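My entries follow in the order of looking.

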Amino acid sequence: MQFPHLAKLSGLWHGIFTRHLRDGQVGAVSPFNVGYRAGDPDSVVAQNRRRMMVAAGGAPAVYAHQVHGAQVAVWDNARNEGDIRLDGDALVTNVADTALVIQTADCQSVLMADPVKRVIANVHSGWRGSTQNIIGKTVESMTSRFGSRPEDIVGGIGPSLGPCCAEFKNYRREIPSRYWAYRRAGDLFDFWQISVDQLVTAGVPADQVMVAGICTRCNTSTFFSYRGEGGTTGRFAAVIRW
C-alpha cells in the first residue's frame with residue numbers, strides 16, 4: 001500500500017507491506033512475516049526480507065533495532081553493501097538507493113520525505129515512543145543534520161492501532177497527563193491524532209500529512225496485530241527510499 005501524496009514525489013519509492021505475499025506467477029498467497037523471533041524460522045524471515053527488498057527495487061536496507069524508545073539513528077554512509085541494523089526507533093538518511101525499514105504489528109510507522117533536500121525518515125512509534133515525541137525528534141534530526149525545512153516535509157502515518165482499539169486501562173500510570181486530552185470513550189486513546197499534532201507542532205503543514213486510517217487490530221486478515229492475535233504474531237514492514 002502507498003500514500004498518494006508520497007507516491008507522486010519524483011524519485012521516491014515507499015510501501016506498506018501486508019501480512020501476505022502474492023506470487024504474481026502462480027497466484028499463490030503466503031504469510032509474509034519479516035520479523036525475527038516472531039513465530040517463524042529465521043530462514044523463512046530472511047527469504048521474506050529478500051523478496052521484500054526486491055519489491056522495493058533491490059536497494060540495501062537499513063533496519064532499526066526497535067526498543068520502544070525515542071532514539072533517532074542517522075545513516076550517512078554511501079558505502080552500504082549489505083543490510084545494516086542501527087540502534088534506535090527512528091531512521092533518517094539522505095543516501096540514495098538505501099531503504100529504511102520499520103517493522104510493526106500495532107505500533108505506527110511514520111514515513112517522512114523532504115523532496116527538496118532529498119532526505120527521508122522512517123519512524124517506529126509505539127505508545128512509549130509517542131509519549132516521548134519521537135516524531136518531533138525525528139523532524140529535528142532531519143533539520144539539524146541535513147538542513148531540511150519542516151515546511152517541505154511530507155508525512156504518512158501507517159496502519160496501526162486506531163482510536164477504536166488503543167485501550168490503556170492503566171493510562172494514569174503509563175501515559176503522561178499532557179496526552180489525556182486524546183482520551184476517547186472509556187480508556188481508548190487516539191494516537192493517530194497525537195502523531196498528526198506532533199508533526200504539525202514540529203512545523204510540518206497539516207495538509208502534507210496523511211493518516212492511513214486502518215486499524216491493525218480490526219484488520220488482522222491484512223496486517224499482523226500484537227493485540228488482536230494474543231501477543232504471538234509476525235511483523236509487517238514499512239519501507240521508504242530515494
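I took buried to mean under 20% relative accessible area, exposed over 50%, and partly exposed in between (1.4 Å probe, protein chains only). Helices (H or I, at least four residues) and strands (E, at least two) are DSSP runs, numbered from the N terminus. This is a predicted model, so I kept to its limits: local features need pLDDT of at least 70, side-chain atom pairs count only at pLDDT 80 or more, and totals for chains, interfaces and linings use all residues. Residues are numbered from 1 along each chain as its sequence is written, and side-chain values use heavy atoms, with hydrogens and water left out.

**Strand β9**

I looked up β9, residues 108–114, and found seven of its seven residues buried. On one side these are Gln108, Val110, Met112 and Asp114, and on the other Ser109, Leu111 and Ala113, so that both faces are covered.

Next I checked pairing, for which DSSP must find at least two bridges between two strands. β9 runs antiparallel to β10 (residues 119–125), and seven bridges join them. With β11 (residues 154–157), β9 pairs over four bridges, also in the antiparallel sense. Val110 stands opposite Val123 in β10, and its bridge partner in β11 is Ile157.

**Turn and loop residues**

Four residues separate β9 from β10 in a hairpin, with Arg118 in the turn. Arg118 has a positive phi near 55° and is not a glycine. I noted its relative accessibility as 38%, which counts as partly exposed.

Asn133, in the loop between α3 and α4, also is a non-glycine residue with a positive phi, of about 55°. Asn133 has a relative accessible area of 28% and is partly exposed.

**Cores**

For a nonpolar core I used a set of buried Ala, Val, Leu, Ile, Met, Phe, Trp, Tyr and Cys residues joined through side-chain atoms within 4.5 Å. Which residues have the most contacts inside the largest core? They are Met112 and Leu199, in a core of 32 residues. At least two residues of this core come from each of β7 (90–93), β9, β10, α4 (134–146) and α6 (191–201).

Taking contact as heavy atoms within 4.5 Å, I listed what Leu199 touches beyond four places in sequence: Val110, Met112, Ile135, Val139, Ile157, Val204 and Val209. A second, separate core has 25 residues, among them Leu6, Leu9, Ile16 and Val62.

I followed up Ile16, which lies in strand β1 (residues 13–16) and is buried at 4% relative accessibility. Its C-alpha atom is 4.5 Å from that of Ala238, 222 residues apart along the chain.

**Largest pocket**

A pocket here is an open set of points on a 1 Å grid over the protein atoms alone, where a 1.4 Å probe fits, with protein on both sides within 12 Å along at least five of seven lines; lining residues have an atom within 4 Å of a point. The largest pocket is lined by 30 residues, and Gln66, His68, Cys107, His124 and Arg235 lie nearest its centre. Two or more lining residues come from each of β4 (61–65), β8 (99–104), β10 and α3 (127–131). β4 gives the most, three residues.
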